[in-house]
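Reader: I would like to learn how to read a protein model, one feature after another. Where do we begin?

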Amino acid sequence: MAQTPAKVRVDKWLWAARFFKTRGVALDAVKGGKVELNGHKPKPSKTVTEGDVLKITQPHRKVEVTVLQVSDKRGSAEVAETLYRLDGEQLNQKTPPAGMALAGYREKGKGRPTKRDRRQIERLALGEG
């Protein structure tokens with residue numbers, strides 16, 4: 001049976017723990033300062049060990065986790081949840097702050113018209129009112 005490593009690169013662990021979809025995205029997050037390891041901004045090659053505290057900023061949330069196990073293999077979501085303990089999670093606000101565009105965000109009822117809305121628009125355009 002394969003032995004679990006004592007230390008793993010922070011970007012690899014974030015990918016294995018399923019915080020990021022690909023290792024490349026995890027690498028970019030670490031390089032971009034979106035991850036804190038024990039209160040410091042690490043380089044992607046910095047190693048993670050059991051007991052380390054990570055603060056991860058993602059577009060939709062901010063989480064603080066404690067590393068319980070170290071793994072460099074990506075498994076199922078159930079296995080990934082055993083790698084860490086969630087200490088705190090803060091979901092981003094429902095509406096973005098003024099002057100900041102959030103990709104994919106729209107208020108309810110805004111955006112593409114529904115089929116019913118299109119029919120009403122057509123009736124108004126034809127003057128059937």
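**Reading the strands and the core**

Author: Helices (H or I, at least four residues) and strands (E, at least two) are DSSP runs, numbered from the N terminus. This is a predicted model, in which local features need pLDDT of at least 70 and side-chain atom pairs count only at pLDDT 80 or more, while totals for chains, interfaces and linings use all residues. Residues are numbered from 1 along each chain as its sequence is written, and side-chain values use heavy atoms, with hydrogens and water left out.

Reader: Is Arg61 buried or exposed?

Author: Buried means under 20% relative accessible area, exposed over 50%, and partly exposed in between (1.4 Å probe, protein chains only). Arg61 has a relative accessible area of 19%, so it counts as buried.

Reader: Which residues does Arg61 touch?

Author: A contact means heavy atoms within 4.5 Å. With residues up to four places away in sequence not counted, Arg61 touches Phe19, Ile56, Glu89, Gln90, Leu91 and Asn92. With Glu89 there is also a side-chain to side-chain polar contact of 3.0 Å. A polar contact is a pair of N or O atoms within 3.5 Å; within protein, one must be able to donate a hydrogen and the other to accept it, and residues adjacent in sequence count only if both atoms are side-chain atoms.

Reader: How many helices and strands are there in the chain?

Author: The chain has four helices and six strands. From the N terminus on, they run β-α-α-β-β-β-β-α-β-α.

Reader: In what order do the strands of the open sheet lie?

Author: Strands of a sheet pair through backbone hydrogen bonds, either parallel or antiparallel. Here two strands pair if DSSP finds at least two bridges between them. Four strands form an open sheet in the order S2-S4-S5-S6, with antiparallel pairing. S2 and strand S6 (84-91) are the edge strands, each pairing on one side only. From one strand to the next the twist averages 15°.

Reader: How many bridges join S4 to S5?

Author: S4 and strand S5 (residues 61-67) pair over six bridges, in the antiparallel sense. Lys55 stands opposite Glu64 in S5. The two strands, S4 and S5, form a hairpin with two residues between them. Strand S2 (residues 35-37) pairs with S4 over three bridges, again in the antiparallel sense, and Val35 stands opposite Ile56 in S4.

Reader: Which side chains of S4 are buried?

Author: Along strand S4 (residues 53-58) the side chains alternate.

Reader: What does the side chain of Gln58 reach?

Author: Gln58 lies in strand S4, and its relative accessible area of 7% is why it counts as buried. Its side chain reaches the backbone oxygen of Phe19 at 2.4 Å. Leaving out residues up to four places away in sequence, Gln58 touches Phe19, Phe20 and Asn92.

Reader: Which residues have the most contacts inside the largest nonpolar core?

Author: In soluble globular proteins, nonpolar side chains tend to be buried together. A nonpolar core is a set of buried Ala, Val, Leu, Ile, Met, Phe, Trp, Tyr and Cys residues joined through side-chain atoms within 4.5 Å. The largest one has 22 residues, and Trp13, Leu14, Phe19, Leu54 and Ile56 have the most contacts inside it. Helix H1 (10-16), helix H2 (23-31), S2, S4 and S5 are the elements that give two or more residues to this core. H1 gives the most, with four residues. Leu54, apart from its neighbours within four places in sequence, is in contact with residues including Val10, Trp13, Leu14, Val35 and Val63.

Reader: How far is Asp87 from Leu54 in sequence and in space?

Author: Asp87 and Leu54 are 33 residues apart in sequence and 9.7 Å apart in space, C-alpha to C-alpha. Asp87 has its place in strand S6 and, at 37% relative accessibility, counts as partly exposed. A polar contact of 3.1 Å joins its side chain to that of Arg85.

Conventions. Axes fitted to C-alpha atoms, helices over the stretch in contact; angles between N-to-C directions.
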